[in-house]
Number of protein chains: 2
Amino acid sequence: MAGIRHLVMAKFKEGAPVEQLVLDMKKLALELDIIKSFEWGEDVMKNEKYSHGFTHVFILTFDSAEDVAAYINHPLHVEYAKKFRAGIEKILAVDFPTAIDKIN
Amino acid sequence: MAGIRHLVMAKFKEGAPVEQLVLDMKKLALELDIIKSFEWGEDVMKNEKYSHGFTHVFILTFDSAEDVAAYINHPLHVEYAKKFRAGIEKILAVDFPTAIDKIN
């Protein structure tokens with residue numbers, strides 16, 4: 001579970017097909033071998049001051065920054081990204097080599 | 001590794017003792033049994049458009065929302081939070097029950 005995390009947060013547009021977009025991202029994650037793990041969730045704190053309006057978190061794990069780049073440019077991701085972007089009001093994304101200091 | 005994730009992103013002030021703050025958060029995570037896992041990392045994409053200026057990600061995992069609340073109110077966290085807040089320019093935080101759909 002080490003590696004580099006590609007973390008995306010989204011605020012979706014009113015009426016966006018959120019469930020379908022999440023399902024399609026899951027399918028993409030299962031289909032592409034360079035994606036080592038995939039998890040996501042919806043904020044339950046719902047405190048705008050802290051969330052900055054972002055409601056969903058998606059975390060994909062890769063072995064390397066090169067694999068993240070390969071994913072970003074992969075035709076399946078490019079196709080998916082079009083649909084995702086059409087549904088979002090704003091996005092946040094960071095890539096970070098993860099330091100795991102406690103694990104259960 | 002399921003459970004609820006308490007995800008914090010930070011943009012630190014110029015000159016903030018970032019290494020010490022990270023080290024102290026790690027110590028806190030190792031000290032408190034309700035924290036089931038702790039990981040963190042620094043953004044390497046460095047694209048302001050996507051990062052919104054946030055440079056660091058911290059992810060703590062708990063068994064339940066009640067445990068997150070107990071952590072937030074724990075004296076050791078309250079003490080730590082004062083130092084953390086003094087060092088940051090802005091913060092983002094969300095809590096999400098994690099759906100893990102792919103794991104390696």
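Visitor: How much area is buried between chain A and chain B, and what share do carbon and sulfur atoms give?
Guide: About 3,800 Å², with 59% from carbon and sulfur atoms. Buried area is the accessible area (1.4 Å probe) that two parts lose on being put together, summed over both. This is a predicted model: local features need pLDDT of at least 70, side-chain atom pairs count only at pLDDT 80 or more, and totals for chains, interfaces and linings use all residues. Residues are numbered from 1 along each chain as its sequence is written, chains are lettered from A and ligands numbered from 1 in the order written, and side-chain values use heavy atoms, without hydrogens and water.

Visitor: Which three residues of chain A supply more of its buried area than any other three?
Guide: Y50(A), D101(A) and K102(A). Together they supply 18% of what chain A buries against chain B.

Visitor: How many residues of each chain are in contact?
Guide: 43 of chain A with 43 of chain B. Contact means heavy atoms within 4.5 Å.

Visitor: What rotation superposes chain A on chain B?
Guide: One of 180°, with 0.0 Å of shift along its axis and an RMSD of 0.0 Å. The same surface serves both copies, as 100% of the contact residues of chain A recur in chain B.

Visitor: What makes K26(A) and D101(B) a salt bridge?
Guide: Their closest N and O atoms are 3.6 Å apart. The rule asks for a side-chain nitrogen of Lys or Arg within 4 Å of a carboxyl oxygen of Asp or Glu, so the pair counts.

Visitor: Why is the pair of F58(B) and F84(B) called edge-to-face?
Guide: Rings of Phe, Tyr and Trp (its six-membered ring) pair if their centres lie within 6.5 Å; planes under 30 degrees apart are stacked, over 60 edge-to-face, the rest tilted. Here the centres are 6.0 Å apart and the planes at 80°, so the pair is edge-to-face. F58(B) is in strand β3 and F84(B) in helix α4, 26 residues apart. Strands (E, at least two residues) and helices (H or I, at least four) are DSSP runs, numbered from the N terminus.

Visitor: Which rings of chain A are linked into a cluster?
Guide: F12(A), W40(A), F58(A), Y80(A) and F84(A), through ring pairs.

Visitor: How do you know that K90(A) lies over the face of F54(A)?
Guide: K90(A) is at 4.6 Å from the ring centre. The rule wants NZ of Lys or CZ of Arg within 6 Å of the centre and within 35 degrees of the ring normal. K90(B) lies over F54(B), also at 4.6 Å.

Visitor: Is S51(B) buried or exposed?
Guide: Buried means under 20% relative accessible area, exposed over 50%, partly exposed in between (1.4 Å probe, protein chains only). S51(B) has 4%, so it counts as buried. S51(B) touches L92(A), A93(A), V94(A) and D43(B), leaving out residues up to four places away in sequence.

Visitor: And what is the relative accessible area of A99(B)?
Guide: It is 24%, so A99(B) is partly exposed. A99(B) is in strand β5 (residues 99-102) of chain B. Beyond four places in sequence, A99(B) is in contact with F38(A), E39(A) and W40(A).

Terms used. Copies are superposed by least squares on the C-alpha atoms of residues with pLDDT of at least 70 in both.
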